[in-house]
Amino acid sequence: MKKFEVGKTYTDFIKAQFEVISRTEKTVQLFVKKGNGYLEAGKTYRKKICIYHNDYESVYGSDWGIHAISEI
C-alpha cells in the first residue's frame with residue numbers, strides 16, 4: 001500500500017502542493033507550500049488519514065483531497 005512519507009511533497013491534482021512534516025498511524029501533518037483557494041500557503045494542517053481500497057492513503061478537506069499516489 002502506498003503511504004504518505006515524511007519529507008515528500010504531494011499535490012491535490014489542481015494546483016496546491018503539500019509537504020508531509022510528520023505523521024502517526026492515523027494522522028498526517030501537512031505544510032502548505034502552494035495554496036489552492038481553500039488552504040493558505042505557509043500554514044500547517046493536521047488531517048486524519050483515510051485508506052482507499054487498501055491501495056493508498058488519502059486525506060480530505062471540505063473541497064479538496066490528497067492521495068499518497070500524487071507525489072511530485
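**View 1. The surface and overall build of the protein chain.** The protein chain exposes about 4,400 Å², and carbon and sulfur atoms supply 49% of that area. Accessible areas come from the Shrake-Rupley method with a 1.4 Å probe; for residues, only the protein chains shown count as cover. This is a predicted model: local features need pLDDT of at least 70, side-chain atom pairs count only at pLDDT 80 or more, and totals for chains, interfaces and linings use all residues. Residues are numbered from 1 along each chain as its sequence is written, and side-chain values use heavy atoms, with hydrogens and water left out. Along its principal axes, the C-alpha trace spans about 30 × 20 × 20 Å. Buried residues make up 33% of the 72 residues. Buried means under 20% relative accessible area, exposed means over 50%, and partly exposed lies in between (1.4 Å probe, protein chains only).

**View 2. The strands of the protein chain.** The chain has 0 helices and 7 strands. Helices (H or I, at least four residues) and strands (E, at least two) are DSSP runs, numbered from the N terminus. From the N terminus on, the elements run β-β-β-β-β-β-β.

**View 3. The loop residue D12.** D12 lies in the loop between β1 (9-11) and β2 (17-23). D12 is buried, with a relative accessible area of 5%. Leaving aside neighbours within four places in sequence, D12 is in contact with F18, N36, W64, G65 and I66. Contact means heavy atoms within 4.5 Å. D12 and E71 are 59 residues apart in sequence, yet 9.4 Å apart in space, C-alpha to C-alpha. Across the protein chain, 33% of the contacts between residues at least 6 apart in sequence join residues at least 24 apart.

**View 4. The aromatic pairs.** Rings of Phe, Tyr and Trp (its six-membered ring) pair if their centres lie within 6.5 Å; planes under 30 degrees apart count as stacked, over 60 as edge-to-face and the rest as tilted. By this rule the count is 2 aromatic pairs. F4 and Y10 form an edge-to-face pair, 5.0 Å centre to centre with 80° between the planes. Both F4 and Y10 are buried. The ring centres of Y52 and Y56 lie 5.1 Å apart with the planes at 35°, so this pair is tilted. Y52 is partly exposed, with a relative accessible area of 37%. Y56 is buried, at 13%.
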